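Please walk through this model with me.

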Amino acid sequence: MSVTTLPSRGMALRQPNWLMRLFDYKPFLVVVCLTPAIGLLAVFLTYPLGLGIWLAFTDTTIGRSGVYVGLENFQYLLSDPLWWSAVFYSIFYTAVATFGKFALGFWLALLLNNHFPFKSLIRAIVLLPWIVPTVLSALAFWWIYDPQFSIISYLLVDVLHWRTTNVDFLGSPWPARFSLIVANIWRGIPFVAISLLAGLQTISPSLYEAAMLDGATAWQRFRYITFPMMMPILAIVMTFSIIFTFTDFQLVYAITRGGPVNSTHLLATLAFQRGIAGGELGEGAAIAVSMIPFLVFATLFSYFGLARRKWQQGEAND
Amino acid sequence: MTDVAAQSSNVGSATPDTMAWDSRARRVVMIYLPLACFIVILLFPFYWMAITSFKPNAELLNYKEHNPFWITSPTLAHIKHLLFETDYPRWLKTTMLVAIGSTFLSLFASTLAAYAIERLRFRGSPYVGLGIYLAYLVPPSILFIPLATVIVQFGLFDSPMALILVYPTFLVPFCTWLLIGYFKSIPYELEECALVDGATRLQILRRITLPLAVPGLISAGIFSFTLSWNEFIYALAFIQSGANKTVPVAIVTELITGDVYQWGALMAGSLLGSLPVALFYSLFVDYYVSSLTGAVKE
């Protein structure tokens with residue numbers, strides 16, 4: 001039946017005017033429907049992306065359009081210890097935070113997959129850290145990490161007597177780096193848990209029944225059923241998580257602003273500092289552009305590294 | 001899964017009594033205890049935020065005489081300071097305006113796009129869908145510097161309008177993806193019947209497809225609203241004047257002055273800034289969770 005492709009002018013009960021007829025002309029309608037979305041994305045995403053790559057090859061500053069300088073910005077970055085330290089911390093931050101988020105998030109998903117009272121309420125509560133604006137919860141962490149009045153220090157020193165002095169969370173490089181990672185993991189757990197929970201619910205219980213009949217232990221069932229079945233979703237969620245952790249900005253900006261002594265700069269915060277706050281648009285753009293290779297690599301790695309198992313099992317790609 | 005595990009572990013036990021106890025104890029240790037830990041840790045920062053907002057300064061900075069986990073004489077001073085001595089109400093209004101504006105713009109654009117991709121089925125529609133979706137993978141941290149120059153060119157620098165126009169770049173891809181899934185779940189036969197009856201395609205979209213897609217539109221709307229309320233880096237880079245800032249940016253840049261942090265006011269600001277999204281989200285939590293799980297299943 002060709003009703004789906006032919007305009008149904010002939011059968012119209014009410015005679016359509018020329019405008020309605022125009023909207024029934026499919027190519028026209030397709031163009032009209034796609035224009036708002038594609039227009040917005042072209043003007044505010046594709047064009048700036050191209051412009052950003054161009055800016056990275058110029059010496060533009062705020063208030064003055066620059067000239068093409070070739071690879072100068074990148075050469076400068078390669079000799080800049082601060083850029084290297086940001087690269088190092090971006091990778092470290094992403095690796096440790098992603099590991100933490102997924103280990104804890106997967107565990108939470110397995111817990112939430114059980115039957116217990118107030119299940120949907122608890123699922124809703126669990127999502128809260130992900131809903132609330134990152135900067136605002138980051139401020140709460142900043143206050144929790146306060147050098148003098150940290151509640152963690154209070155617990156360790158005054159309640160448990162495990163330490164005699166307050167913990168210096170944000171005053172020196174390594175503690176500050178780990179403090180930020182903890183805040184990032186805290187914020188990331190809900191999303192990972194809920195996404196993986198959705199995946200867990202698609203696994204058919206009959207697989208577990210069959211495995212139990214064969215005498216598989218709980219660990220074996222996890223290792224040979226749950227884990228492989230979760231691979232496709234794990235690959236997608238992890239790809240997302242890696243991209244957004246690597247390019248994170250808010251947490252660092254709100255809690256340390258890159259300090260102490262620039263040890264917690266991520267590439268994004270360094271790009272902001274140089275590009276917007278410092279006015280060196282070209283150099284900032286170069287730092288932002290330097291994130292792209294890492295992103296592409298991390299995406300390919302997480303996506304294909306995890307999705308590969310799926311083809312090996314001969315399942316259809318969907 | 002652990003349900004099954006708990007049952008299977010009893011197979012070896014001797015009497016039914018010990019079996020039942022063993023199972024219950026095991027459940028407590030394996031499920032309830034870790035779950036309780038998770039909930040306490042995930043909620044603690046909010047509790048701490050809330051309790052700080054209502055603590056008088058004397059209690060706030062004196063752990064020796066006052067138990068920091070509780071308030072003995074709660075006060076509204078911090079909230080009063082925030083509402084009457086700062087621009088906070090204006091920031092809230094701006095944030096609300098930006099979030100609602102960009103949500104409507106994104107819903108409009110992505111509904112049409114999703115309808116075209118899923119229902120009109122032109123040649124290359126899967127590629128257009130993929131293209132729009134890939135836009136979601138371009139992070140704002142790469143775009144904010146060139147976008148700032150684009151915003152200046154358009155004369156929109158320092159105006160909330162800039163944010164309303166820019167936020168759809170990360171909202172449209174996600175909403176389109178979500179709505180494609182929803183349109184897919186609406187039987188195509190309904191539209192065919194209407195076509196046979198002589199309805200135009202726009203009439204079909206307005207009278208049949210859209211009403212059926214309302215749950216999808218609601219969850220896309222919640223996503224958009226919360227994401228635009230949370231957005232930080234664009235608002236930080238494109239808005240200069242204190243009065244035009246959004247809540248997240250204003251709290252970080254305007255409320256933090258000097259070396260003495262007003263923790264009470266800061267936490268009250270964070271709490272009040274979190275409440276609208278938390279409330280909005282709790283009203284529609286079922287849509288939210290189901291669409292999130294649905295989107296992953298797709």
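Predicted model: local features only at pLDDT ≥ 70, side-chain atom pairs only at ≥ 80, totals over all residues.

Residues are numbered from 1 along each chain as its sequence is written, chains are lettered from A and ligands numbered from 1 in the order in which they are written, and side-chain values use heavy atoms, with hydrogens and water left out.

Start with the nonpolar cores. Such a core is a set of buried Ala, Val, Leu, Ile, Met, Phe, Trp, Tyr and Cys residues joined through side-chain atoms within 4.5 Å. Buried means under 20% relative accessible area, exposed over 50%, and partly exposed in between (1.4 Å probe, protein chains only). The largest core holds 170 residues. Its members that touch the most others are L108(A), I255(A), F144(B), Y234(B), F238(B) and L266(B). Helix α4 of chain A, residues 81–112, gives the most to this core, with 13 residues. Helices (H or I, at least four residues) and strands (E, at least two) are DSSP runs, numbered from the N terminus. A second, separate core has 20 residues, including L107(B), Y133(B), Y136(B) and F174(B).

Look again at Y234(B). Contact means heavy atoms within 4.5 Å. Beyond four places in sequence, Y234(B) touches several residues, among them P140(B), F144(B), Y167(B), F170(B) and I239(B).

Now find K55(B). It sits in the loop between α2 (16–53) and α3 (57–60) of chain B. Is K55(B) buried or exposed? K55(B) is buried, at 2% relative accessible area. Where does its side chain reach? The side chain of K55(B) comes to 2.6 Å from the backbone oxygen of P68(B). Leaving aside neighbours within four places in sequence, the contacts of K55(B) are W48(B), L60(B), P68(B), W70(B), I71(B), T75(B) and H78(B).

Finish with the backbone. Most residues other than glycine have a negative phi, and most peptide bonds are trans. The bond from G259(A) to P260(A) is cis, with omega near -10°. P260(A) belongs to the loop between α11 (250–255) and α12 (267–277) of chain A. V261(A) lies in the loop between α11 and α12 of chain A. Its phi is positive, near 35°. V261(A) is exposed, with 73% relative accessibility.

D158(B) is in the loop between α7 (140–153) and α8 (160–166) of chain B. D158(B) counts as buried, at 19%.

Methods:
Polar contact = N/O pair within 3.5 Å; in protein donor to acceptor, adjacent residues only side chain to side chain.
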